[in-house]
Amino acid sequence: MFTAVLRRRALQSSSLSFQLARCYASKSFPPHTVVTMPALSPTMTAGNIGTWQKKPGDAISPGDVLVEIETDKAQMDFEFQEEGVLAKILKDSGEKDVAVGNPIAVMIEEGGDPSVFESFTLEDAGGEKSATPPPKEEASESSEPAGTSSGTAPPAPKTESQPAPEETESSGGKLQSALDRIPNASAAAIRLAIETGVKITGLKGTGTGGQVTEADVKKASSGGAAPATGGSAAPAASYVDTPISSMRKTIANRLTESMNQNPHYFVAATVSVSKLLKLRQALNSQADGKFKLSVNDFLIKACGIACKKVPTVNSSWRDGFIRQFNNVDISVAVATPVGLMTPIVKSVEGLGLQSISEQVKDLGKRARDGKLKPEEYQGGTFTISNMGMNSAIDRFTAVINPPQAGILAVGTTKKVAVPVETEEGASIEWDDQIVVTASFDHKVVDGAVGGEWIKEFKKVVENPLELML
């Protein structure tokens, strides 16, 4: 029997629903295996079909990717570890909200004839079922609350009449992100297309890389526009509707839940990073290319130290109790084309700066590529969100990532004039400073405790040699 697994990770049957069913005598079909939509995360109830990496008749070898599946968290590869032949695809690329357990393909043993399964249908595979809500289980230290809605279940059908939805063309390729849906056109061309009512997606661009230019829009509006009859033409639509992805639904549900159920309060502090920047420069200059530390690497380590000194912050609210964690697992906010991801650097309190830097770079790259494993982004005990690379952001506040009790928002570095008393009298020195704002869940962390955490964080950042201990 075939065994379905994620890339580089065998899935345990205790955490994932069984994904294969062996069939022998469905109508006149030879022995075959029905592949069903797997549950690739604890909160997944349905998924979207991405690009099929194999076509009917292709042989499957151990480790081959069968299909890409978009879950409520990320886009992941679905692999097989045994040999066989893909006989029939039951769900094409682009299919949305396929419930966990529903048939998606048919496999046969090597030597079998795939052509026999050309007439094989979903009904032959047992039919479809609607998505069910995820089971409510107590969240463990390595996962988010199982009762959290993934937002991937399709809405219940409404009885009242509704206008027929517009049909959209499917590329048959990889599921598009929000960035991919932006038309390849200049800003001037988009503006002119809106003014003239020209549908820019139907134009062939003459600019660099096939970009639609303003001249292309002018040509289309002058040569292809039919004269209006019976009065003035209706104004062109001045908006674009973007379909909501499973990941965007999850982000919306979880952050709305956080704001509604977690009483946020905020503690801000101005922190000098002049010594930290000098230490960073000295360490990088001696690295011989082996590593390159970022300011964020130091701040992640500082969060770990502060959480160990004020362990109440390293806790989460549970049903009937507060759980305080022994290890500090820092979730690092990463912007991706499809939304915010928070991969986890685990046991930060025991890691050196070089190890933290390497893990952050690796996790960040795989987060943007949609290649994170579930255990690499589910869980965490504290979060850091750094927008310091944007020089326009002095400070901001962040929404707590449930079930955690705190998150730190980091602004950009600014040079500030600081008065200094010397033997010659008062003078001015320039100090590199950042403004950090911590958001705490008042159910878990009292105001005085949150202030103590900020104090410890500020202390270790302004005396960065403590990070080396």
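Student: Leucine 122 is found in the loop between which two elements?
Tutor: This is a predicted model, in which local features need pLDDT of at least 70, side-chain atom pairs count only at pLDDT 80 or more, and totals for chains, interfaces and linings use all residues. Residues are numbered from 1 along each chain as its sequence is written, and side-chain values use heavy atoms, without hydrogens and water. Helices (H or I, at least four residues) and strands (E, at least two) are DSSP runs numbered from the N terminus. The loop holding leucine 122 runs between strand 10 (103–108) and helix 1 (187–196).

Student: Is leucine 122 buried or exposed?
Tutor: Buried means under 20% relative accessible area, exposed over 50%, and partly exposed in between (1.4 Å probe, protein chains only). Leucine 122 has 17% relative accessibility, so it counts as buried.

Student: Leaving aside neighbours within four places in sequence, which residues is leucine 122 in contact with?
Tutor: Contact means heavy atoms within 4.5 Å. With neighbours within four places in sequence left aside, the partners of leucine 122 are Leu90, Lys91, Pro103, Gly127 and Glu128.

Student: How are helix 5 and helix 7 oriented to each other?
Tutor: Axes are lines fitted to C-alpha atoms, for helices over the stretch in contact, and angles run from 0 to 180 degrees between N-to-C directions. Helix 5 and helix 7 (residues 447–462) pack at about 135°, with axes 9 Å apart. Angles under 35 degrees count as roughly parallel, over 145 as roughly antiparallel, 65 to 115 as roughly perpendicular and the rest as oblique. Helix 5 and helix 7 are therefore oblique.
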